Amino acid sequence: MSACDSDALQYRLGDSLNVWSTKWVLDANMLFCAGCSRGQRARDANQPFRHGDGCRLSSEVTLYPWRELAEMLCTVLQAPA
Ligand SMILES: [Zn+2]
């Protein structure tokens with residue numbers, strides 16, 4: 001991978017994390033939806049996330065936000081420096 005490719009990857013990862021952080025709030029071992037403020041514990045990461053009634057984000061975000069965060073962080077760690 002060239003330095004240019006690495007820069008592009010880092011940019012995409014940063015962008016993905018920025019988008020993710022506009023929809024989710026991480027607080028200790030809890031993850032909260034920014035649309036309805038419902039939360040999910042880290043130990044329930046393999047359960048689908050349950051939004052509150054009428055949540056504006058429920059149709060546009062993943063059902064497994066912990067997994068999405070973990071995948072992004074793994075990609076960051078695997079990216080060349
Ligand atoms: Zn929600």
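This is a predicted model: local features need pLDDT of at least 70, side-chain atom pairs count only at pLDDT 80 or more; totals for chains, interfaces and linings use all residues.
Two strands are said to pair if DSSP finds at least two bridges between them.

Strand 1 and strand 2 pair in the antiparallel sense, over four bridges. As an example, Leu26 has Leu31 in strand 2 as its bridge partner. Strand 2 also pairs with strand 3, again in the antiparallel sense, here over three bridges. Taken together, the three strands form an open sheet with the order 1-2-3 and antiparallel pairing. Strand 1 and strand 3 are its edge strands, each pairing on one side only. On average, neighbouring strands of the sheet are turned by 25° against each other, with direction ignored.

Next, the loops that join these strands. Which residue takes a positive phi in the hairpin of strand 1 and strand 2? The residue is Ala28, and this hairpin has two residues between the strands. Ala28 sits in the loop between strand 1, residues 24-27, and strand 2. Its phi is near 55°, a positive value in a residue other than glycine. Is Ala28 buried or exposed? Ala28 is exposed, because 7 other C-beta atoms lie within 10 Å, and a residue counts as exposed at 12 or fewer.

The loop between strand 2 and strand 3, the latter being residues 39-41, holds Ser37. Ser37 likewise is not a glycine, yet has a positive phi of about 65°. Ser37 has 11 C-beta neighbours inside 10 Å and therefore counts as exposed.

Which residues make up the largest nonpolar core? There are five: Trp24, Leu31, Cys33, Trp66 and Leu69. At least two residues of this core come from strand 2, residues 30-33, and at least two from helix 2, residues 65-78. Leu31, a member of the core, is also the residue whose bridge partner is Leu26.

What does Trp66 touch, not counting residues up to four places away in sequence? Its contacts are Leu31, Ala42 and Ala45.

To close, I return to three points. The sheet has three strands in the order 1-2-3. Ala28 has a positive phi, and so does Ser37. Thank you for your attention.

Definitions and conventions: Residues are numbered from 1 along each chain as its sequence is written. A nonpolar core is a set of buried Ala, Val, Leu, Ile, Met, Phe, Trp, Tyr and Cys residues joined through C-beta atoms within 7 Å. A residue is buried if 20 or more other C-beta atoms lie within 10 Å of its own, exposed if 12 or fewer, and partly exposed in between; C-beta atoms are placed from the backbone. Two residues are in contact if their C-beta atoms, placed from the backbone, lie within 7 Å. Axes are lines fitted to C-alpha atoms, for helices over the stretch in contact, and angles run from 0 to 180 degrees between N-to-C directions.
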